[in-house]
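Let's walk through this structure together, one region at a time. Have the viewer open and turn the model as you read.

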2 protein chains.
Amino acid sequence: MAEEMEKEKDIDELPKNAANYQALTPLWFLDRAAAVHPRRPAVVYGTASYTWAETNRRSRLLASALVSRSIGPGCTVAVIAPNVPAVYEAHFGVPMAGAVINCVNIRLNAQTIAFLLEHSAAKVVMVDQEYFSLFEEALQIIDNKGEGSFQRPLVVVIGDENCDPKSLHDALRKGAIEYEKFLESGDPGFSWKPPKDEWQSIALGYTSGTTTSPKGVVLHHRGAYLMALSVAFVWGMNEGAIYLWSLPMFHCNGWCYTWSLAALCGTSICLRQVTARAIYSAIANFGVTHFCAAPVVLNSLINAPPSEKILPLPRTVHVMTAGAAPPPSLLSAMSEEGFRVTHTYGLTETYGPCTVCAWKPEWDMLPPEARARLHARQGVPYVSLEGLDVVNPKTMAPVPADAKTIGEIVMRGNCIMKGYLKNPEANKEAFAGGWYHSGDLGVKHPDGYIEVKDRSKDIIISGGENINSLEVESLLYEHPAVLEVSVVARPDEQWGESPCAFIALKRDVEGKDEKALSEDIIKFCRAKMPAYWLPKSFVFGPLPKTATGKVQKNVLRAKAKELGPVKRSRL
Amino acid sequence: MAEEMEKEKDIDELPKNAANYQALTPLWFLDRAAAVHPRRPAVVYGTASYTWAETNRRSRLLASALVSRSIGPGCTVAVIAPNVPAVYEAHFGVPMAGAVINCVNIRLNAQTIAFLLEHSAAKVVMVDQEYFSLFEEALQIIDNKGEGSFQRPLVVVIGDENCDPKSLHDALRKGAIEYEKFLESGDPGFSWKPPKDEWQSIALGYTSGTTTSPKGVVLHHRGAYLMALSVAFVWGMNEGAIYLWSLPMFHCNGWCYTWSLAALCGTSICLRQVTARAIYSAIANFGVTHFCAAPVVLNSLINAPPSEKILPLPRTVHVMTAGAAPPPSLLSAMSEEGFRVTHTYGLTETYGPCTVCAWKPEWDMLPPEARARLHARQGVPYVSLEGLDVVNPKTMAPVPADAKTIGEIVMRGNCIMKGYLKNPEANKEAFAGGWYHSGDLGVKHPDGYIEVKDRSKDIIISGGENINSLEVESLLYEHPAVLEVSVVARPDEQWGESPCAFIALKRDVEGKDEKALSEDIIKFCRAKMPAYWLPKSFVFGPLPKTATGKVQKNVLRAKAKELGPVKRSRL
């Protein structure tokens, strides 16, 4: 019997060794791309173009230059720049040195950047020359506090001939080292080592933090490797894909597509300014096959004046969108122009998108409205997300798949963050009960697809009834005058709260009589929604956005409050 | 300074928890496929078809039935069957129970199967009714040895209405339980658990072992997960692929495509008999997009009589081949019929293919012969293979990339086996120096692509010169009469050894005068190769093959020896 037991163990008793176990890290993909397609363009930016051999060489130079300045495991390298080649290279060079890359949102203010640099204890800052003064301002804020615990980081300035040379001179005068000079100080024969443990941190990214201090989301090599494969796999991206960087790389490391493109030996098209004109022209000139963008960017594409469009598209272009459900009207318009939109959902904490509205061929037969309704759902897990559910946040019991019962969306799996940096409280909350708590509310449909209904704080409670602000918005989007809309709670004498709609109008109706417009919108909506959903107040004008392009509902809620409560009335 | 150190550690000190870490296992893919595409066919076999929901249910029933009979971690479940749905289900059901699946090559003889069953200590044997008598014979051999250490396994017989009912009755009479009955004994609500450690064994597969006892290659959950993604990724297989099982699933678990198809929510078309007619008709009837096959199978496709072909193909069909370099003539013929051939290379020890001759668009412009020469190379690593090199087997120094210097092909990475079962000697040799030693000889081309030149024992040494038998074969294939050819060493009085060619002729030249034919072949070859490469001896007739379809060079070498040494002559 003892012998028998031993036999049974045999089959599991084969240890790991150097030949059969390697830490998972997306850095392998760069080695492979440089070996397989050394002469294929890896990064194209304006008239500059770097092959995979060059990108590999430059990333190694960066790594070597960092290592020679004692930057290694545990150190954070901050990057403050738009989508330029240096940022792409930093996604390999920084982790090759063993360090952690922190791409900073360039739309943040100096105050917040100061917080980030201190919180992450950045040892090196790579800053685009255009953003040098913003960075300086942030440093000044830290200095002024005079606490002295923050050591001035090594500053590497990324020069760009498309920018005003003054800002570069200014940076150099203040002691920054120019990026190309910094690279030259490295050793092209530098040989990187995989992390000792694939759980080692690779990246840090701060959430936009509308209400509290930004939280630092830490990601690891294992997750970055798995997500890089998964985001390409789920989208059906094939070898040699040509990807347009409309999505900022500072947004969850470009949803891990930075690393996917190395696995695919694909080509990155970089843009300093993402405009409708720039997107259409990249599609026409560079053979773009894929790009990612928030619905607000898609909106600007569709509503661009004809002079900025280049149609018909040379081929089907795949577009991935997330951040908000694309309104039906937008989906139809995109599809008519030849874009194929994939709707995904995710958070910084999930390395970018982690659910996808997986399209079923049979849906092609449905009328456009039904298609759009199905398409607006957040869907099913990515292959790298092992668990996804909608639960009662108190009992953790899954809600029924009835498309009605609202619960919290929770996830578990290998594409969930390591945790928040230096924030044990937030970690405890985020990982309570063995699940990651997204903080988003949603329902589960009978076919298992999930749909985000609202952030818990975005629900409007009117006369004791919950009003889903996203659903009201989705219906308002159908009105032809509406370019963008956001609905929040406004205090209401009679009902406690009532919906207040903030609306950005399309160009051709701007300046029209607002009272007539709001009456027309009310009339348009009456047949489409319950009476208590109808916005009682309308405010016209551009919507305030976070640095990542999300509408700042907290700002709108404050504005709605300032308007004072809606007076009691007998309609 | 101490505080500083602590800060630096912060970013790595975020532990794993139930929400952010899950063992990698391909079993997740089945959960996902059943959730996302429950009604899509997962497995089609003749007129039978199972959806993903059904395949999920049946796999769980199997797992539950096994667990209720105390089958779990450390236990081996042997499967002796052609490509029928039960084998596909076993790839999920067996590891869901925590056990290890061992798919046995059905072309082995009873003696070898007896060795395998004893060596792996199989606790359960799932056997197709057609192979029951072979299995019984193997059991009898074990019994006759009378050592008594092997416990008679639980026998589950897979019934098939396409087979002679006698064999099923026979199995039931001898105490086997019918597969469908066995499933019925399981609990459809069975909930599987991921392995405690992703290094846990998932599969066992025996090498064909031409010279020594077969070696048991052990694979783990982590590798199976990574390879399942990698083999789909490298081939550009997209969601919903329709895959024809011409490759036996007992061959490295179908090169991990068993599990890939769940990740892709694709469809498996199963065949009991793989014939040219069956392949063409599956392509015509089921919309097959991909299949894998050894060059010998492709040969039989191309050389099939027109009555067995259904041309033109309804669409481009992707074919992956490995096991031997496809001869140029075969590649051209396949491409003319509309097949797109991808050439890969791998071993049981690497979970199936681990290098691919990645095609470059610029090669499309080359003349057919140059294309075929490039295509015949084994190429570059899969994304899941972290290291690949050709080295001097004594010094382990990489050979120069000169397309000439021969060395041993070595690999390292996450798709290298855990090791050989109960074979520490073989493991020591296989993993020497931190690399897996393939035992294959090859060169590295200036572009980094590797090319297999020969197994070390297949090299012919004539007058002190090495002759590469594969190259001689490749040139002989160009002769229009040659269907299949294998070249081995024959003792030679003057030169020590000289090449002896075993040739299977095409149908239309069978029975022609062999002397005239061999003279014609010599004449044909003289301009193409050095004189000392020219075969001195010719033997015509069908070639002996291993159970996996490889030509048995050891048998041919023995035959060549029996012919006696080539006499000294003055040509």
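In which sense do strand 25 and strand 26 of chain B pair, and over how many bridges? Strand 25 (residues 496–505) and strand 26 of chain B run in the parallel sense, joined over 4 bridges. Here two strands count as paired if DSSP finds at least two bridges between them. Helices (H or I, at least four residues) and strands (E, at least two) are DSSP runs, numbered from the N terminus.

Before going further, a word on how to read the numbers. This is a predicted model, in which local features need pLDDT of at least 70 and side-chain atom pairs count only at pLDDT 80 or more, while totals for chains, interfaces and linings use all residues. Residues are numbered from 1 along each chain as its sequence is written, chains are lettered from A and ligands numbered from 1 in the order in which they are written, and side-chain values use heavy atoms, with hydrogens and water left out.

Back to the strands we started with. They belong to an open sheet of 3 strands in chain B, with the order 24-25-26 and mixed pairing. Strand 24 (482–492) and strand 26 (537–540) of chain B are the edge strands, each pairing on one side only. On average, neighbouring strands of this sheet are turned by 25 degrees against each other, direction ignored. Within the pairing of strands, you can find Ile503(B) opposite Phe540(B) of strand 26 of chain B.

Helix 17 (residues 469–476) of chain B lies across strand 24 and strand 25 of chain B, and runs at about 140 degrees to strand 24 of chain B. Helix 19 (residues 553–562) of chain B packs on the sheet too, touching strand 24 and strand 25 of chain B, with its direction at about 50 degrees to that of strand 24 of chain B. Touching, or contact, means heavy atoms within 4.5 Å. Axes are lines fitted to C-alpha atoms, for helices over the stretch in contact, and angles run from 0 to 180 degrees between N-to-C directions.

Chain B also holds an open sheet of 9 strands, in the order 2-1-11-10-12-13-14-15-16, again with mixed pairing. Its edge strands are strand 2 (48–51) and strand 16 (380–381) of chain B, each pairing on one side only. Strand 10 (residues 242–244) and strand 11 (residues 267–270) of chain B pair in the parallel sense over 3 bridges. There, Tyr243(B) has Ser268(B) of strand 11 of chain B as its bridge partner. Helix 3 (residues 52–67) of chain B packs on this sheet, touching strand 1 (41–45) and strand 2 of chain B, and its direction makes about 85 degrees with that of strand 2 of chain B. Helix 4 (residues 85–96) of chain B touches strand 1, strand 2 and strand 11 of chain B, at about 145 degrees to the direction of strand 1 of chain B.

Now look at a loop in the chain. Thr348(B) sits between strand 14 (339–347) and strand 15 (352–356) of chain B. Its C-alpha atom is separated by 7.8 Å from that of Tyr206(B), although these residues are 142 residues apart along the chain. Leaving out residues up to four places away in sequence, Thr348(B) touches Gly205(B), Thr207(B), Val217(B), Leu219(B) and Cys252(B).

Let's move to chain A. The axes of helix 12 (residues 276–286) and helix 13 (residues 295–302) of chain A come within 9 Å and cross at roughly 80 degrees. Helix 12 of chain A is therefore roughly perpendicular to helix 13 of chain A (angles under 35 degrees count as roughly parallel, over 145 as roughly antiparallel, 65 to 115 as roughly perpendicular and the rest as oblique). Ala276(A), Ile279(A) and Tyr280(A) of helix 12 of chain A meet Val297(A), Ser300(A) and Leu301(A) of helix 13 of chain A.

In chain B, a cis peptide bond joins Leu311(B) and Pro312(B), with omega of about -5 degrees.

Finally, how do the chains meet? In chain A, 79 residues are in contact with 78 residues of chain B.
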